[in-house]
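Biologist: I would like to learn how to read a model like this one, feature by feature. Could you start with the idea behind polar contacts, and then walk me through the rest?

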Amino acid sequence: MSLRRRPSRVPQLLLAASLLGALLAPPAAAASAHRSPSGEPGGTGGTDARGLPLRVATYNIHAGAGMDGVFDLNRQTAELRSLEADVIGLQEVDRHWGSRSEWRDLAGELARRLRMHVSFAPIYSLDPAEPGGPRAEYGVAVLSRHRIVSAENHEITRLSTQDPNPVPAPAPGFGEVVVRVRGLPVHVYVTHLDYRPDPAVRVAQVADTRRIMAEDRGPKILLGDFNAEPNAPELAPLWGELADADPGAPTFPAQDPVKRIDFVTVSKNRIGVRRAWVPESLASDHRAVVADLLLRG
């Protein structure tokens, strides 16, 4: 159950996806030990006297397209599988959005292929192209090998890309789930911050993020594409409560990356970072960040 001070809402879609995942996914306790680049065991398959191991990742999937601009969900599925992560935060996720992703539900399809539970948090949810059809949605998602016990789609300040004359306003797309790792509730958030050079909207988004996260207790993990580098002034307030699992390598663009704008961050007093790294891949226009964590109950 959630440690939130107000009740969480679990959409019907999430319940259905989680039930499907429960039938397909192996029990967390039976999962095999993962391997990091160092060759040491990671993930929830191992044990550690200092805490519960958990491997997490963040990945901007570019609506299923690689650095070459070609939509190829098989390629991205293989890349995500190779991470051997227990929890993955995804950005730029289409759900029946348009022809660029073949009108497919990328979050649901990746979850089925990887045998994981899923929670999707749309930023945009538009009327269907044809009456009775599915809504066209775009947003962020969480994939998890652990059962998702609650989920919420929070509003933060956004400058809409769908409005010809946008003004900063609250909009959804800051996803939160609570997963249970061997009985320990863990809050996982996934976000995609504003991409524009002017940091003003990101400043507001960081303030909104901190306010929302402060309402929860227990271990917290924030995953996402921040569209700013670690030393950007607008991100500075985050580092009061969160630790950056610095992988020591840039993430964007995927071909010859020059800056790190993709993050795994964790609550300082409840989670330790064993190691983090950036796998080389051209399956998206971003590279993923992967981190092996230790949860302190």
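Modeller: Gladly! A polar contact is a pair of N or O atoms within 3.5 Å, where one must be able to donate a hydrogen and the other to accept it. Keep in mind that this is a predicted model. Here, the backbone oxygen of Leu159 lies 3.2 Å from a polar atom of the Arg196 side chain.

Biologist: Which side chain does Arg196 join through a polar contact of 2.4 Å?

Modeller: That partner is Asp194, side chain to side chain. Arg196 sits in the loop between E9 and H4. Leaving out residues up to four places away in sequence, Arg196 touches Leu159, Ser160, Thr161 and Arg202.

Biologist: Is Arg196 buried or exposed?

Modeller: The cut-off for buried is under 20% relative accessible area. Arg196 has 18%, so Arg196 counts as buried. Compare Met67, in the loop between strand E3 (52-60) and H2: its relative accessibility is 33%, so Met67 is partly exposed.

Biologist: What does Met67 touch?

Modeller: Not counting residues up to four places away in sequence, its contacts are Pro253, Ala254, Gln255, Leu282, Ala283, Ser284 and Asp285. Take Ser284: 217 residues separate Met67 from Ser284 in sequence, yet their C-alpha atoms are 5.2 Å apart. Across the protein, among contacts with a separation of 6 or more, 71% are between residues 24 or more positions apart.

Biologist: Now the sheets, please. How should I read strand order?

Modeller: Strands of a sheet pair through backbone hydrogen bonds, either parallel or antiparallel. In this model, an open sheet of 6 strands runs E7-E8-E9-E10-E12-E11, with mixed pairing. From one strand to the next, the twist averages 25°.

Biologist: How many bridges join E7 to E8?

Modeller: There are 9, and E7 runs antiparallel to strand E8 (residues 169-181). For instance, Ile156 has Ala171 in E8 as its bridge partner. Helix H4 (residues 200-214) packs on this sheet, touching E7, E8, strand E9 (184-192), strand E10 (220-225) and E11. The direction of H4 makes about 150° with that of E7.

Biologist: And how do I read a covered helix?

Modeller: An α-helix has 3.6 residues a turn, so residues three or four places apart point the same way. In helix H3 (residues 106-114), 7 of the 9 residues are buried. They are Leu106, Ala107, Gly108, Glu109, Leu110, Ala111 and Leu114. Their cover includes helix H2 (73-83), strand E4 (87-95), strand E5 (117-126) and strand E6 (136-144).

Biologist: What caps the N-terminal end of H3?

Modeller: Asp105 does, with a side-chain oxygen 3.4 Å from the backbone nitrogen of Ala107. Just after H3, Arg115 has a positive phi of about 60°.

Biologist: Last one: how do I look for empty space inside?

Modeller: Rolling a probe the size of a water molecule over the atoms shows where empty space is left. This structure has 1 cavity of 30 Å³ or more, and the volume of the largest cavity is about 40 Å³. Its lining includes Phe120, Val142, Glu152, Glu176 and Val190. E5, E6 and E8 each contribute at least two lining residues.

Note on methods
Residues numbered from 1 in each chain as written. Predicted model: local features only at pLDDT ≥ 70, side-chain atom pairs only at ≥ 80, totals over all residues. Heavy atoms only, no water. Pairing = 2+ DSSP bridges. Helix = DSSP H or I, 4+ residues; strand = E, 2+ residues; numbered from the N terminus. Axes fitted to C-alpha atoms, helices over the stretch in contact; angles between N-to-C directions. Contact = heavy atoms within 4.5 Å. Buried < 20%, exposed > 50% of the residue type's maximum accessible area, 1.4 Å probe, protein only. 1 Å grid on protein atoms, 1.4 Å probe; cavity = no way out; pocket = protein on both sides within 12 Å on 5 of 7 lines; lining within 4 Å. Points joined across faces, edges and corners; volume = space filled by probe spheres on them.
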